[in-house]
Structure formats: structure tokens, C-alpha cells
Amino acid sequence: MQFAALIAPYVAGALWHSAAVAQEAAEAAASAAPAKPASNEEREAQQKLDTLRTQIKQLADQRKATEAQKGGVAVELRERETRIAAVARELRTLQEKLAEQQQSLDALQLRKKELEEKLKSQRDALAALLRSAYALGRHEEIKLILQQNEVATTSRVLAYHRYFQRARMGRIEELLADLVDLAKVQQAIEAQVVEIEATRGERNSESTRLQAEKLEREAMLDTLELSLKDQAARLDALGKDESALLRLLERLRDVFADIPKQLKAAEPFAERRGRLPWPLPGKVAVGFGSSDDSGRAISGIVVAADSGTEVRAVSHGRVAYADWLKGYGLILILDHGDGYMSLYGYNETLLKDVGDWVDAGEPIATAGTSGGRKSAGLYFELRARGKPLDPRSWLKPGP
């Protein structure tokens, strides 16, 4: 018996039905009603956010202009580390995309396995029905009628026969539907594999580019070390500018003063003293008030960490600043309200932009060596109305 020939018309019909459904779905999507327009409150909030971002950008541009006027190595270092940050962020995005694509592929492979097992069961059941039909031979319905002498018996036998016919056709239709589904899943798997390979190629290319950028930065720092004759020259070139940071924080408080606070139900920052999570796991390399590798006392702590380690917000807040700053490298500043701010410096890349709201524990950056550092880590500060706080008394007992 030629099984393929038997079910071929049904396969064609099933495929036609599938295409029709897809066309109807596409037409429905195209004719869908436009999204509900934003309310006045939402528009006003967006306008404030746009204004806020413009003001912060102006602050960042002013800082860049000031550094450019002074000249020196800070300008070149900023450019190199900013390029490294852009490549590192793109690489991270590709890694996340690759993970999502792999997860989708795994789900498709599982679906394929389920369909194959179901098809095997359906084929076995259909084969049993077809063997029964073959045993009766051709014109089995007429034979059943002629073999019965009583009308009631004949009627019952015909009912049984129709039942088996419906069961047989039902099995065939189920089998056809699953065959169509399996073909779609297989096509999706093949397309997903192509996408994964393309993403891997992009990732490898970006990884190579990142390493090249880092090597150029290291060469520049090596040259700089030879040109700096003493510690004073190094501080002038790469050291932290506390007064500049204080002016920036003051300006940021002014900018954020009239910005409405979200997360009103969240616990006030001041009440979380001693319970804040650490921004990243690691050993404290330089304590509060100690001297860092520049020889100057710092207003925060330095936590040792590998480059690329995720840096997480210690509390809910809004990104007040996200840019490069002399002595701090790529720094992100969170405004927690009531005059409290947290600062995260030395980052390899920044994952959030000015105006973004973040929750406690949310990734906001990745640790690195920006600012001209040799060893990777995170510079972390807490400030209350501009005054530095010892982070160890605010963070949970830990490293």
C-alpha cells in the first residue's frame, strides 16, 4: 500500500490552510488599531526627562571642554577608554543576544523531539487501523452488509464501520497537522542556527577589536609612565580632582531638584544604613581615607575585581551622570533622593544612561581599569549632600 500517495492530498490541504491562517494574521496585524496616545502626564514626564538629559549632556560637554583646554594625556586617555567602553558594551550586547538565540534554539530542539515522539505514536496507531482495513479487503462496507441477516445487526455493524472510518481519518488529519508543525520547527531551527553563527562571528570580531584597543591603551600608558618624571606630574596628569567632582555633584543636585521622584513606595535611602548590598563581590583593595596608587587619600573605597565583572546599584535611584571624568575614568552617579548619591568609577563600560531609573541589584556598569589604572576594580563612593560617607558603615557586612 502506498501510504504517501494516500495522505498526499491531505498534506496539500493542510499546507494551504496554514498559509491562509498566516495571511489572515498578517492582515490583522497590519490593520490593527494604533497604540493609545500618551497622556498629558506621560508627555510632561518625557519632556522633563529630555530636558534633564540635555542639561546633563551640557555638563559633560563643559567638562570635556575644560579638559581639552588644559590639554595633556587626559584628553587622549578619555578618547581611548571611551572607545574601549563602546566596544565592550557592544560585545556585551552580542553576548546577551547569543544567549537568547541559544535559549530559543534549545526550546525549538525540545519541541522537535516532542513532535517526533508524538508522530511515532500516531504512525503506529494509524498503521494498526490501516492493517485492519487491509484485512477486510476492498468494498469492506458492502461485505459487512451482505454478511448480516438481521437489519438491527446490519445497522450496528455499519455504525461501527463509520466509527472506524472517522477514527482513521482523524488519525490521518492529526498526523498531517503534526507533520506540518514539524516542518515549520525544522525550518525555524535551521534559521536560528544561521543567526547564531552570524552573531558568533560578530562577537569574535568585536572581541578582537576590544583586545586591540586595550593593547593600544596599555602602550600609551607605558609611554606615559616613562614621560612622567615624578609623582606630582602623575597626579597632575591622571589624579582625581576632588574640587571638580564637588562642583559636578552640586550642579547635579540643582538639576535634579525639580525632577519628581519615582518608586515612592521604596524604603528611604537613609533607613538602609548597614543593609546596602555590595556593588560587586571582591576584596577591598583600598579603604576609605587611605591613599590609592596615585598617593592621594580617597573619599571612597576600591574593590578589586576582574575586568567585565558586573557592577550593581546598591539602592534604587536615578542615573544622574554617566561619562568619563579625570581620575575616575568612566563613572556613573546615582541620585537616591534626599541628598544621597552613590558613585561608581574605574568602569570598563557603562550600561545605563542619564535619566534611567534603576532598582537595587540591577547591573549598571562593568568593572575595569579606566582612568589610567593598571589593575582592574571598582571605585565606590557614597555622598550625603556632597559630603563623603564611609561605605563600610552603610554596606552589609562582607569583604
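Predicted model: local features only at pLDDT ≥ 70, side-chain atom pairs only at ≥ 80, totals over all residues.
**Overall picture**

The protein chain has 399 residues, of which 39% count as buried. Its secondary structure consists of 7 helices and 10 strands. The mean pLDDT of the chain is 76, with 64% of residues reaching 70 or more. Residues 1-33 have a pLDDT below 50, and this stretch has 15 contacts in the model beyond near neighbours in sequence.

**Nonpolar cores**

The largest nonpolar core contains 36 residues; Val-311, Leu-334, Tyr-344, Ile-364 and Phe-380 have the most contacts inside it. At least two residues of this core come from each of several elements, including helix H3 (73-136), helix H5 (151-227), strand E5 (329-337) and strand E6 (340-350). Strand E9 gives the most, with 4 residues. Apart from neighbours within four places in sequence, Leu-334 is in contact with a set of residues that includes Ala-313, Val-319, Tyr-344, Val-358 and Ile-364. A second, separate core has 17 residues, among them Leu-248, Leu-252, Tyr-321 and Tyr-346.

The relative accessible areas of two residues are set out below.

| Residue | Relative accessible area |
|---|---|
| Ile-196 | 3% |
| Lys-352 | 19% |

Ile-196 belongs to helix H5. With a relative accessible area of 3%, Ile-196 is under the 20% cut-off and therefore buried. Leaving aside neighbours within four places in sequence, Ile-196 is in contact with Leu-98, Gln-101, Gln-102 and Leu-105. Ile-196 and Glu-100 are 96 residues apart in sequence, while their C-alpha atoms are 9.6 Å apart in space.

Lys-352 is placed in the loop between E6 and strand E7 (357-358). Lys-352 also counts as buried, because its relative accessibility of 19% is under 20%. The side chain of Lys-352 makes a polar contact of 2.7 Å with the side chain of Glu-362. Not counting residues up to four places away in sequence, Lys-352 touches Arg-89, Val-319, Ala-322, Leu-332, Val-358, Glu-362, Pro-363 and Ile-364. One of these, Ile-364, is also listed among the residues with the most contacts inside the largest nonpolar core.

Terms used
Residues numbered from 1 in each chain as written. Heavy atoms only, no water. Core = buried A, V, L, I, M, F, W, Y, C linked by side-chain atoms within 4.5 Å. Buried < 20%, exposed > 50% of the residue type's maximum accessible area, 1.4 Å probe, protein only. Contact = heavy atoms within 4.5 Å. pLDDT = per-residue confidence, 0-100. Polar contact = N/O pair within 3.5 Å; in protein donor to acceptor, adjacent residues only side chain to side chain.
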